[in-house]
Amino acid sequence: MPPTDERSNRSEPSSEPRSELSTFASVRRLHPYVRTALPRLAAGLAASLGASLMALAIPRVLQWVTDGPLTAGARDHDWSGLAWSVALVAVLGAGEAGLILLRRTLVMFPGTRVEAAMRMSLFRHLQDLPVSFHDRWPGGQLLSRIMGDLGLLRRWLVFGIIQLVVSIVTIVVGVGLLVATGGWLGIIFLCGAIPVTVLAFRFSRRYRKISRLSQDQSGDLATTVEESVHGIRVLKAFGRGPDALDQFTEQAAELRETEIRKATTDAGLTTALRVIPEVTQAVALVVGAYLVAQGDMTLGALVAFFTTTAVINGPVVDLGMTLSMTLNARTAVDRFFEVMDTVNPLTDPERPARPEPVTPGRGGATGGHVAFRDVTFRYDDAARPVLRHVDLELPPGTTTALVGLTGSGKSTLAMLAPRLFDVTVGRVEVDGVDVRDLTRTQVRERVAVAFEDPTLFSASVRDNVLLGVSDDLPDAERETLLAESLEIAQAHFVADLPDGADTRIGEEGMSLSGGQRQRLALARAIAARPRVLVLDDPLSALDVTTEEAVTARLRDVLAATTTLVIAHRPSTVALADRVAVLQDGRVTAVGTHQELLASDPHYRHIISSLTSEPTPSPTSQEALS
Ligand SMILES: Nc1ncnc2c1ncn2[C@@H]1O[C@H](COP(=O)(O)OP(=O)(O)OP(=O)(O)O)[C@@H](O)[C@H]1O
Ligand SMILES: [Mg+2]
């Protein structure tokens, strides 16, 4: 399927309720992350304010120079006072430059530290969130939040926020000075501030919406890239590359349009912020010239007025940029907390139960006891439950095959034991304890899974297979586990890889065949030496001979382990001591293969549909009888 249809229902999170907090309240939520960086950020702000005050002091010196030493020098031909004042201006200028440099040095490191800390906690939270969250949220939205948004926030922290405060302080102090010292001219300038304030407010409201839209669209675009890269084989095989490109182009064009709207809105404000002060300055110049001519104002005061307005003009024009940066940062904060605020319903209990300790048990460890008790399960947003009142007991050390028609809920049931989902009603017990009363670590120590779709990581074969094995185990023991598990899963092909078990297997193991991947996933589940093993159709991609070899070896391993094996083939059913039939969301029958063949018409129906595929091998025939 081209990603189009999939995306439309996956981009749901973007339309989740938006934060109705004010920008200030929104940004204040960053406090826990910026707390340790605050002293340096405050020092950076102080340095910036110092620089700005120095800039504002220069016009005062110029006023004094014009009305004092300059006038006196021209009158008395004595320029000594002028030299001192030039030196003072130079010192103020150098001081301003030094403070700006200091600000940069002070805020650079805390900014990157905050970004890294937020990125880490977001990733940690993503790892913690349940499978149901990841089913709902498109990868690109998460990627754009973890990369783009946090980068935006860092730039705002080290530059935007400081610049915003400095701009506002400079404008307020500067306008105050103008009003205090410039008389009528000051009041004219103050009048100019009114439209600026109104425009800034209107801009904020409008820009916030566009900023949100743009950041969400970036996330959707990232999702499209991620999906098409992920599904590149399918797209190529079905010649759907051009469709993917069309979809990408359409989304990129939408994003471009939003960016243009964003830039136009920004440019509108920036233009107004440039024009309004210019107009006020022009009016002030006419009035000022008149006042000086009338002798109501000194020339120095007029020079000071215009140099002060020049100092203020910079921050006024920057206000547009710093405001938009702030609003973008606010959107980034909202998007960050939308994920961080998602509560994980699958939490560890406060007082975990303490079932008998797990023997790290090589080989002969007895299997755990699993029981599904009156389990009903419905996926979020699904209309009907997939499983209804399921009762199924897996006594220690037994192997139970779960059979049912496709879509009957076998994989869903299998995912409840390792607590990838929580039951809607009822309970799943491991060793007599509800899995919700165990910590997730306790559950994982007991239950290992090989999924239907074997996901591997771009790491070495060793790391992939030993994923569920404690790092604390001595190296020699880890190596033995690796060798044994690979042998049981009949993954002899590993020896032929360029670097053996050290070979990196490419992104998601795509450099391997389906059957090879499946055997590594099986080896990974076995290597964890769990008390409960859940195998979701573990041999589906294997040829009959390899399957027989794996089956023969698995039977030894499964003798000591409690196993739930989802079976689509009679040969897999043959691994089991008993069979459970799943029909219409219920376990309708449990018994040996023979018993069920004799008593259960639905089982006969399933088996006949299974046996129409590969015929059971002699070994499996034997085991089945
Ligand atoms: N993440 C999910 N969200 C919503 N519904 C789901 C989800 N996963 C599966 N389902 C639905 O639950 C039902 C059972 O799916 P499940 O994967 O458990 O079937 P199965 O018995 O393993 O099928 P198969 O033999 O084809 O592997 C299906 O109707 C499926 O559409
Ligand atoms: Mg399945």
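**Note on the predicted model**

1. The protein has a radius of gyration of 35 Å, whereas a compact globule of 625 residues would have one near 25 Å. The model is predicted, and this value should be read accordingly. Along the principal axes, the C-alpha trace spans about 125 × 50 × 50 Å.

2. The secondary structure comprises 22 helices and 10 strands. Of the 625 residues in the protein, 49% are buried.

3. Salt bridges number 28 in the model. Three of these pairs are discussed in turn below, with attention to where the partners sit in the chain and how accessible they are.

4. One salt bridge is formed by the side chains of Arg29 and Asp341, with an N to O distance of 2.9 Å. The pair links distant parts of the chain, the two residues being 312 residues apart. Arg29 belongs to the loop between helix H2 (23-28) and helix H3 (31-34), while Asp341 lies in the loop between helix H11 (299-340) and strand E1 (370-377). Arg29 has a relative accessible area of 32% and is therefore partly exposed. For Asp341 the value is 42%, so this residue is partly exposed as well.

5. Asp216 and Arg335 form a further salt bridge, in which the closest N and O atoms are 2.6 Å apart. This pair, too, links distant parts of the chain: Asp216 is in helix H8 (residues 184-230) and Arg335 is in helix H11, 119 residues apart. Arg335 is buried, with a relative accessible area of 0%.

6. Asp556 and Arg553 provide a local case, their closest N and O atoms lying 3.0 Å apart in a salt bridge. Both residues belong to helix H18 (residues 544-558), and because they are 3 residues apart there, about one helical turn separates them. Asp556 is exposed, at 52% relative accessibility, whereas Arg553, at 25%, counts as partly exposed.

7. Beyond individual pairs, salt bridges with shared partners join six residues into one network: Arg145, Asp149, Arg212, Asp216, Arg335 and Glu338. The pair of Asp216 and Arg335 described above therefore has both its residues in this network.

8. Polar contacts of ligand 1 involve both side-chain and backbone atoms of the protein. In the side chain of Asp135, an N or O atom is 2.9 Å from a nitrogen atom of the ligand. The backbone takes part through Gly407, where a polar atom is 2.8 Å from an oxygen atom of ligand 1. At Gly409, a backbone N or O atom lies 2.9 Å from an oxygen atom of the ligand. Taken alone, ligand 1 exposes 630 Å², and the protein buries 63% of that area.

Conventions. Residues numbered from 1 in each chain as written. Chains lettered and ligands numbered in written order. Predicted model: local features only at pLDDT ≥ 70, side-chain atom pairs only at ≥ 80, totals over all residues. Heavy atoms only, no water. Salt bridge = Lys/Arg side-chain N within 4 Å of Asp/Glu carboxyl O. Helix = DSSP H or I, 4+ residues; strand = E, 2+ residues; numbered from the N terminus. Buried < 20%, exposed > 50% of the residue type's maximum accessible area, 1.4 Å probe, protein only. Polar contact = N/O pair within 3.5 Å; in protein donor to acceptor, adjacent residues only side chain to side chain. Areas by Shrake-Rupley, 256 points an atom, 1.4 Å probe, with all protein chains shown as cover. Rg over C-alpha atoms; globule rule 2.2 N^0.38 Å.
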